[in-house]
Amino acid sequence: AKWRSETQKDIVVAALSNEATFVGILATGGGKSVAWLVPAVVEPAFKSIVIIPNRSLLEDMVRKTRALGISCRQWRSSDPIYCDCPVIYVALETAVGEKFKQFYREMEHVIKRIVFDEAHQLITSSEYR
């Protein structure tokens, strides 16, 4: 595989190395999603929670992830507590709800990563203030 940048490579290495906390910042189109997609392929027993503030982007990521042949789902509050997909996408407004907190507590032993995608929208979009 060829990396788009050294930063992209560093992000994936950090995601796979079990570093407790890291921040990966790449420009739009820089390949941030490999930070949770590569681990999903390498370590499918562990889960990556990806919180996305924009619903259309979330639905797009679900489509793209499935097109790559990686099992994923969009978590909704009506979903059962257990999920066997390695990538779980969740909308911001759902992630702060009580049902998601319960889901997280039940799945915490297999959740390896929590990713905030498009985090800049949390502070720049008037609808999230």
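Is cysteine 72 buried or exposed? Select cysteine 72: this residue is buried, with a relative accessible area of 5%. Buried means under 20% relative accessible area and exposed over 50%, with partly exposed in between, using a 1.4 Å probe and protein chains only.

Before moving on, note what is on the screen. This is a predicted model, in which local features need pLDDT of at least 70 and side-chain atom pairs count only at pLDDT 80 or more, while totals for chains, interfaces and linings use all residues. Residues are numbered from 1 along each chain as its sequence is written, and side-chain values use heavy atoms, with hydrogens and water left out.

**Cysteines**

A disulfide is a covalent bond between the sulfur atoms of two cysteines. The cut-off here is a pair of cysteine sulfur atoms within 2.5 Å, and a search of the whole structure finds zero disulfides. Cysteine 72 is in none, its nearest cysteine sulfur being that of cysteine 85, 6.6 Å away. Select cysteine 85 next. Its sulfur is 4.1 Å from the closest cysteine sulfur, in cysteine 83, which is too far for a bond. Cysteine 85 counts as buried, at 9% relative accessibility.

**Aromatic rings**

Rings of Phe, Tyr and Trp (for Trp, the six-membered ring) pair if their centres lie within 6.5 Å; planes under 30 degrees apart count as stacked, over 60 as edge-to-face and the rest as tilted. This rule gives four aromatic pairs.

Select tryptophan 36 and tyrosine 89. Their ring centres are 6.5 Å apart and their planes stand at 80°, so the pair is edge-to-face. Tryptophan 36 is in helix α2 and tyrosine 89 in strand β3 (residues 87-91), 53 residues apart. Helices (H or I, at least four residues) and strands (E, at least two) are DSSP runs, numbered from the N terminus. Both tryptophan 36 and tyrosine 89 are buried.

Now select tryptophan 75 and phenylalanine 103. Here the centres are 5.1 Å apart and the planes at 35°, so the pair is tilted. Tryptophan 75 lies in strand β2 (residues 72-75) and phenylalanine 103 in helix α5 (residues 98-107), so the pair ties together parts 28 residues apart in sequence. The relative accessible area is 1% for tryptophan 75 and 0% for phenylalanine 103.

**A charge over a ring**

Finish with lysine 112 and phenylalanine 46. The charged end of lysine 112 sits over the ring of phenylalanine 46, 4.4 Å from its centre. The rule requires NZ of Lys or CZ of Arg to be within 6 Å of the ring centre and within 35 degrees of the ring normal.
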